[in-house]
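These are my notebook entries on a structure I examined. I set down what I looked up, entry by entry.

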Amino acid sequence: MNVNYELTGPDGAPVVVLSNSLGTDLTLWDAQVPALAQEFQVLRYDQRGHGATPGKPGPYTLKQLGGDVLALLDTLGIRKAHFAGVSLGGMTGMWLAEHAPERIDRLALICTSADLGPASMWRDRAALVREKGTAAMVEPSLPKWFTPELAGREDVVAKFGGMLSAADDDGYAGCCEAIADMDLLDGLGGITAPTLVIAGAEDPATPPSHAERIATAVGGARLEVLSPAAHLANAEQPEAVNRLLLEHFTRSL
Ligand SMILES: O=C(O)CC1=CCC(=O)O1
C-alpha cells in the first residue's frame, strides 16, 4: 500500500502521527499542524482510499488500517510515535495501542467509538456508496460533522464536501466495512499508552457517551468534552484541541 503522507516539523523531534476520519483526508488536520509542528515532527497521512492513498476494493479491516501505519513508520525509520486520530482514525489508534503497544507512545482519541453498531448500517452504507459514489454522502454527512452554523458555511462546504466527494468509492466502502467488523471493546482495558479522549458535546455520530465508555475502560484516561463541537471537533474547536494535544503529548508523567 502506497500511503500518502506529509512530514512537517523539526528534524529529530518526537513524532506525532495524525489519522483522518471516514470521508476526509490529511487536510482535516490543517489547523493542528502549525501548532504541533513547533514541538513535534507531525506525520499526517491519508487513510486508504482517502486523499491520495489508493483504495483497493474492500472490505478492509482495522488490522489493515493499523498495518498501513506500521508500514509507514517502518519506511520512515520511526520506532515509536504519539498518535492522534479522529473517528476512524481513533479506531485505528485503539487497534494500534492494543496490538502494537511498543510503537505507540501516547494516544489521543477524538470523536470516536469502540463500538459503533449496528454492523448492518455500515454494510448498507458501503453498498450505497458503491452504487452511488461518495458524493451521495455529502448532504447527510456535513450536518453530523459540524454544528449548524459551520455546516452551512460556504468555505466549510467547499473544503469538506470536496474532500468527501473526492474519496474513492471502494475505499470509503471498505472503511465502512472495517467499522462494521471492528472488535475493540475487549482490548480497551489492556491499553497502556497514556490516553486522552476528546468528544464533541453536539456530535451525533459518536456522542460523548461513546467517549465516556472508552475513557472508563482505558486505565488513567482523561476525558474532555468540547462545546460547541460536532463530529469533526478538531476542525470546529482547533484552539482547544491544539491546547489539549500539546498538553497531553508534552506533560511529564
Ligand atoms: O460519517 C459518519 O457517520 C461519521 C463517522 C463514523 C466513522 C468516521 O470516521 O466518521
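In what order do the 7 strands form the open sheet? I read the order as S1-S3-S2-S4-S5-S6-S7, with mixed pairing. I took strands (E, at least two residues) and helices (H or I, at least four) as DSSP runs numbered from the N terminus, and I counted two strands as paired if DSSP finds at least two bridges between them. S1 and S7 are the edge strands, each pairing on one side only. The twist averages 15° from one strand to the next.

I noted the basis of the work: this is a predicted model, in which local features need pLDDT of at least 70 and side-chain atom pairs count only at pLDDT 80 or more, while totals for chains, interfaces and linings use all residues. Residues are numbered from 1 along each chain as its sequence is written, and side-chain values use heavy atoms, with hydrogens and water left out.

Entry on strand S6. I looked up residues 195-200 and found 6 of the 6 buried (under 20% relative accessible area, with exposed over 50% and partly exposed in between; 1.4 Å probe, protein chains only). Thr 195, Val 197 and Ala 199 lie on one side, and Leu 196, Ile 198 and Gly 200 on the other. In a regular strand the side chains alternate between the two faces of the sheet.

Entry on the neighbours of S6. S5 (residues 104-110) runs parallel to S6 and is joined to it by 4 bridges; Ile 110 stands opposite Ile 198. S7 (residues 222-226) is also parallel to S6, through 5 bridges. I found Leu 196 partnered with Arg 222 and Ala 199 opposite Val 225.

Entry on helix H2. Residues 62-76 reach 21 Å from first C-alpha to last, close to the 21 Å expected at 1.5 Å a residue (1.5 Å times one less than the number of residues). Among the buried residues of H2 are Leu 65, Val 69 and Leu 72. Just after H2, Gly 77 takes a positive phi of about 70°.

Entry on H2 and H3. How do the axes of H2 and H3 cross? They come within 9 Å and cross at roughly 80° (lines fitted to C-alpha atoms, for helices over the stretch in contact, with angles from 0 to 180 degrees between N-to-C directions). H2 is therefore roughly perpendicular to H3 (65 to 115 degrees; under 35 is roughly parallel, over 145 roughly antiparallel and the rest oblique). Residues of H2 including Leu 62 and Gly 66 meet residues of H3 including Met 91 and Trp 95 (contact: heavy atoms within 4.5 Å).
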